[in-house]
Amino acid sequence: MSTDTTTTEKNTFFKDVHFLGDKEGKVAIRSPPIFTDKEEEREYQKQHLAAAFRVFAKQGFDEGVAGHISLRDSVNPHHFWINPLSTHFSQIRVSDLVLVNEFGHVLPGGAQSPINGPAFAIHSEIHKARPDLNAACHAHSAYGKAFSCFGRPIEMIYQDALRFYNDLAVYPRYGGTVISTEEGARIAAALCECRSVILQNHGMITCGRTVDEAAFLFIALDRCCHAQMMANAAAGPGWEKIVIPHEEAEMTHRKSGNSSKMWLAFQPYFDQVVKEGPSVLD
């Protein structure tokens, strides 16, 4: 069964999200549950994974069969959950999620549906290379793929960009459709110690300790790409861009880009899609 977050973990979480409550400490923001049962933890995580697809659909991140979100299995960390090939993001339910092993084989316990080959090539290598990250998102969002053609990171010229301060890598090549785990391994290596990476001429990938974190980072990065291109278009003599200094950028990244804050930032999106379509939890 699930338990509330321990006192120490709650205090750390509350410090990360820096909310204000009442004097007695009875008014508190919600925090991630801690589970003593791995099966219950798996179900909770799958619910948030399924909801993430519906959130992506509402954001317009769907495009045919492109795009995928993966989540490391809480029972067997060598396996991960991912979306079935050719199911629209807006229709995905918990029961549609596919469990895959490290060889790309669809396993019992999840939907018996085929998955996207390039998705396995990319996500399997990220999960292998980064045991500290449990979820990864990739979709062909309009602003993400438009900005990717520059093969460079966003600039630290506004507050929301600071979520990615020293935490955004670039994969500076385009190797065609990812059909091999070798290319996936190169992408994972380019990610280095960052949570997010711009794939030149392709799009972007965001990762996190939770699917909530990874999904919100994707939304945030796509909007940052949009804002960056607007700033680029407006820049000119007398309208030079001002880069935020290191000290302020580093402090804001710690306060506004930490994993706890990213988890919390996703919860309103989760609430919205569950309220609008409770079938996501089926």
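Buried means under 20% relative accessible area, exposed means over 50%, and partly exposed lies in between, with a 1.4 Å probe and protein chains only. The model is predicted, so local features need pLDDT of at least 70 and side-chain atom pairs count only at pLDDT 80 or more, while totals for chains, interfaces and linings use all residues. Residues are numbered from 1 along each chain as its sequence is written, and side-chain values use heavy atoms, leaving out hydrogens and water.

**View 1. Phe13 and Phe14 form an edge-to-face pair.**
A pair of aromatic rings is described by the distance of the centres and the angle of the planes. Rings of Phe, Tyr and Trp (its six-membered ring) pair if their centres lie within 6.5 Å; planes under 30 degrees apart are stacked, over 60 edge-to-face, and the rest tilted. The structure holds twelve aromatic pairs. In this one, the centres of Phe13 and Phe14 are 6.1 Å apart and the planes meet at 70°, so it counts as edge-to-face. Phe13 is buried because its relative accessibility is 5%. Phe14 has a relative accessible area of 18%, so Phe14 is buried. Ring pairs join Phe13, Phe14, Phe19 and Trp263 into a cluster.

**View 2. Phe80 and Phe120 form a stacked pair.**
Their ring centres lie 6.2 Å apart, with 15° between the planes. Phe80 belongs to strand 4 (residues 80-82) and Phe120 to helix 3 (residues 117-129), so the pair ties together parts 40 residues apart in sequence. Helices (H or I, at least four residues) and strands (E, at least two) are DSSP runs, numbered from the N terminus. Phe80 and Phe120 are both buried.

**View 3. Gln228 sits in helix 6 (residues 211-234).**
Gln228 is buried because its relative accessibility is 2%. Leaving aside residues up to four places away in sequence, Gln228 touches Phe147, Ile154, Glu155, Ile157, Tyr158 and Lys241. Contact means heavy atoms within 4.5 Å.

**View 4. Helix 8 (residues 259-276) has a kink at Gln267.**
The kink is about 25° and comes shortly before the proline Pro268. The bend at a residue is the angle between axes fitted to the seven residues ending there and the seven starting there. Buried residues of helix 8 include Trp263, Phe266, Gln267 and Phe270. Among the elements that cover the buried residues are helix 1 (7-17), helix 2 (38-58), helix 6 and helix 7 (246-256).
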